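Let's take a walk through this model, one piece at a time. Have the sequence and the coordinates open as you read.

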Amino acid sequence: MMFFNSKPQNLLAFCILFFGSNCLFSTLSTTNDVAYASSKITPTKIIQILNQKINTKNICPSSKFRPIRTFNTTKYYLYICPGDKKNPDGYYVRIPKSGGKFVVPLSKIKDNNYIAIKGEAIYVVNPYESLVSKRGRIILRERVKSATNTMGRLVAKACNLQDKIFAQAETKSFIIYVCGQDSPSRYVVIARSTSERIELSLKSNLSGVKSDVHRYLATRGNIRYVLTKKILRISHHGKTILKEKVLRWY
C-alpha cells in the first residue's frame, strides 16, 4: 500500500522519517523479554525454545526444503518456503495452532512483505504483522510475536528484548511501538508498506493519569512527533506534514 500521496509535504515527511533508518531486527512479547532478562540466554536460544515443538521438516511442499522464514502469531505459525520449478517464487504456508495446514504459492515479495493470492483473498506477512484481506477489506490482522530465519535467528525487532511494550498503535501507514524498561522511553516506528524502521527517544509522555489519557512526544531536529490514542501527527517547524488517524491501540 502507498503511505504517502504525491503532495510535496508528504514526500518531505518520507525523507525525514526514514533518513538513516536501521536494518531490521526482531520482535518478542513482553513475557519472553522478561525470560531473556532473567536468564541471560541469547535471543537465538529464546527462539529455539519457542519453536522447539515445531517440526519444520515436513512443512514445505518439497521435503527437500525447510522454511526460510518462520513467523509466530497468536493463532498461527506462518512459513515462507523456497520455490521449485512449478512455483519459483516460493510458498506461503499457514498452520493454525489448533491444527491443519494451508499452502498458497507466493505471488510477490516486496521488501520484507511476502504476498500470496488465492481467489479473492490476499495473504501478507512481514516481521511485524500478518494480514488477510478479501475484496479490499481486511478480515484478519495479527501482530507477529517473532520472526526467524532458517537457522532460528531473529530477523526483525520492534522493542529491544529487555524492554516492555507500553503501547502499540496502528495507522494507515505505520505501526508505532512505545518501548522502555521501567517507563516509556522511546518510539519505534515501522512503515507498513516496506517494514522500514526508525527509533526515536521520547521527550515526554502523559500516561496513566486517566484511562483515556495517552500522549507521547518525540523530536528529531525541527521535526516533532506526537502520538495519542486518536492521532499520529508529524510537524516540521510547527507545520503539520503528516496526520493519520489511529486505527488500533493496544
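Start with Q168, which counts as buried because its relative accessibility is 2%, under the 20% cut-off for that label. Keep in mind that this is a predicted model. Q168 sits in strand β10, which covers residues 164-170. Its side chain makes a polar contact of 2.8 Å with the side chain of R143. Leaving aside residues up to four places away in sequence, Q168 touches R143, I175, I176, Y177, R248, W249 and Y250.

Now for the sheet. Nine strands make up an open sheet with antiparallel pairing, and reading across you get β8-β7-β6-β5-β4-β3-β2-β1-β9. The edges belong to β8 (137-143) and β9 (146-149); each has a single partner strand, so one side of each is left without a neighbour in the sheet. Going from one strand to the next, the twist averages 25°.

Finally, head to the loop between β8 and β9, where you'll find K145. Is K145 buried or partly exposed? With a relative accessible area of 28%, K145 is partly exposed. Between K145 and A158 the C-alpha to C-alpha distance is 9.9 Å, and the two are 13 residues apart in sequence.

Conventions. Residues are numbered from 1 along each chain as its sequence is written. This is a predicted model: local features need pLDDT of at least 70, side-chain atom pairs count only at pLDDT 80 or more; totals for chains, interfaces and linings use all residues. Side-chain values use heavy atoms; hydrogens and water are left out. Helices (H or I, at least four residues) and strands (E, at least two) are DSSP runs, numbered from the N terminus. Buried means under 20% relative accessible area, exposed over 50%, partly exposed in between (1.4 Å probe, protein chains only). A polar contact is a pair of N or O atoms within 3.5 Å; within protein, one must be able to donate a hydrogen and the other to accept it, and residues adjacent in sequence count only if both atoms are side-chain atoms. Contact means heavy atoms within 4.5 Å. Two strands pair if DSSP finds at least two bridges between them. Axes are lines fitted to C-alpha atoms, for helices over the stretch in contact, and angles run from 0 to 180 degrees between N-to-C directions.
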